[in-house]
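Hi there,

Here is the structure I promised to pass on to you. Please open it beside this email and follow along as you read.

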Amino acid sequence: MTTLFELKNITKNYWESNEETSRSFLFANITATLQKPERIALLGKSGQGKSTLLRMLALLDTVDNGDVCFKGVSAKDTDTRIWRMNICYVAQQAVMLPGTIEDNLKTVSKLHNSTFDENFARELMKDVGLSDLDWGKQATDLSGGEKQRVSLVRSLLISPSILLLDEITASLDQQSKEYVEQLLVKFHLEKGTSFIWVTHDTEQAKKISERIWYMEDGTLAIDSKTEVFFENGNDFPSQVMI
Ligand SMILES: Nc1ncnc2c1ncn2[C@@H]1O[C@H](COP(=O)(O)OP(=O)(O)OP(=O)(O)O)[C@@H](O)[C@H]1O
């Protein structure tokens, strides 16, 4: 069986020598595999390089060493546009393009030459709690939390295989946060979408993930089932998160 997604010895070097850590890399030799669609929470103290790793996996930042493969094919041998149709990064600070909400929702299908499915878009907007939003409104006028959800919907519209989610509920109220969590778990169960979700919220990690990747000291220090990570008796989560 072909492996779905593979991180092979991925390394990010420091831009310049870092006196604090006496290391030459931000992280090195990160190796992990998704054999099948899975829900991963990527945890670790601030500054470990979680966002950098996600951006590398989306080919938005260079992979200094190592390789990443989707269904057995290296990113190096894949057209970037095709790669990003399958592996989609959703940023913490959502960027809205000039134009209306509708323009923004249509961006990805335009970019990838696919048909815009308005019913699907309306369904997704409802699922994230934005059913009342006027699509004719200028996207740049939206609140931070609205932008985050429109940006997520924009990515979900192409139903990627792997979603790379970077603290995407950081500016949401509790209810909107729960809507987003439920939608993404539903997406996983119904469409087989995997996600790697960076979060500092322990409760969220427990709720949404099957597996935890925990970054520490420039390594992927832990890769374990979520229940094992939170029940193994050590005090990691409460001590080191956030
Ligand atoms: N190639 C690099 N060389 C040196 N420093 C880097 C490099 N890439 C990123 N950094 C720095 O390393 C740190 C890691 O950033 P990153 O946002 O990836 O961490 P994070 O674990 O996601 O943090 P947070 O949880 O606070 O969002 C930042 O200070 C960033 O500026």
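**Confidence**

This is a predicted model, in which local features need pLDDT of at least 70, side-chain atom pairs count only at pLDDT 80 or more, and totals for chains, interfaces and linings use all residues. Residues are numbered from 1 along each chain as its sequence is written.

The term pLDDT stands for the predictor's confidence in each residue, on a scale from 0 to 100. For this chain the mean pLDDT is 91, and 93% of the residues reach 70 or more. The model also scores ipTM 0.93 and pTM 0.92. Please take care with residues 238–242, where pLDDT stays under 50. Where pLDDT is low, the predicted coordinates should not be read in detail.

A word on names: helices (H or I, at least four residues) and strands (E, at least two) are DSSP runs, numbered from the N terminus. Two strands pair if DSSP finds at least two bridges between them. Strands of a sheet pair through backbone hydrogen bonds, either parallel or antiparallel.

Four strands make an open sheet in the order β2-β1-β4-β5, with antiparallel pairing. Its edge strands are β2 (25–34) and β5, each of which pairs on one side only.

β1 and β2 are joined by 6 bridges and run antiparallel; Glu 6 stands opposite Thr 33 in β2, and Lys 12 opposite Phe 27 in β2. Towards β4 (residues 65–70), β1 pairs in the antiparallel sense over 5 bridges. There, Glu 6 has Cys 69 of β4 as its bridge partner, while Thr 11 has Asn 65 of β4.

Next comes β5 (residues 73–74), which pairs with β4 in the antiparallel sense over 2 bridges. Phe 70 stands opposite Val 73 in β5. β4 and β5 form a hairpin with 2 residues between them, and Lys 71 in the turn has a positive phi of about 50 degrees.

**The sheet with six strands**

There is also an open sheet of 6 strands, in the order β6-β7-β8-β3-β9-β10, and its pairing is mixed. The edge strands here are β6 (87–90) and β10 (219–225), each pairing on one side only. Within this sheet, β3 (residues 39–44) and β9 (residues 211–216) run parallel and are joined by 5 bridges. Look for Gly 44, which stands opposite Met 215 in β9.

**Two packed helices**

Two packed helices are described by the angle between their axes and the distance between the axes. Helices α5 (residues 144–156) and α6 (residues 174–191) pack at an angle of about 10 degrees, with axes 12 Å apart. Axes are lines fitted to C-alpha atoms, for helices over the stretch in contact, and angles run from 0 to 180 degrees between N-to-C directions. Angles under 35 degrees count as roughly parallel, over 145 as roughly antiparallel, 65 to 115 as roughly perpendicular and the rest as oblique. α5 and α6 are therefore roughly parallel to each other.

The contact is made by Gly 145, Arg 149, Leu 152 and Leu 156 of α5 with Ser 176, Val 180 and Phe 187 of α6 (contact: C-beta atoms, placed from the backbone, within 7 Å).

**Around the ligand**

Which residues come nearest to the ligand? Of the 13 residues around the ligand, these are Tyr 14, Ser 46, Lys 50, Ser 51 and Thr 52. A residue is near a molecule or strand if its C-beta atom, placed from the backbone, lies within 6 Å of it. β1 (5–13) and α1 (50–57) are the elements that give two or more residues to this shell. The largest share, 3 residues, comes from α1.

Enjoy exploring!

Key:
Contact = placed C-beta atoms within 7 Å.
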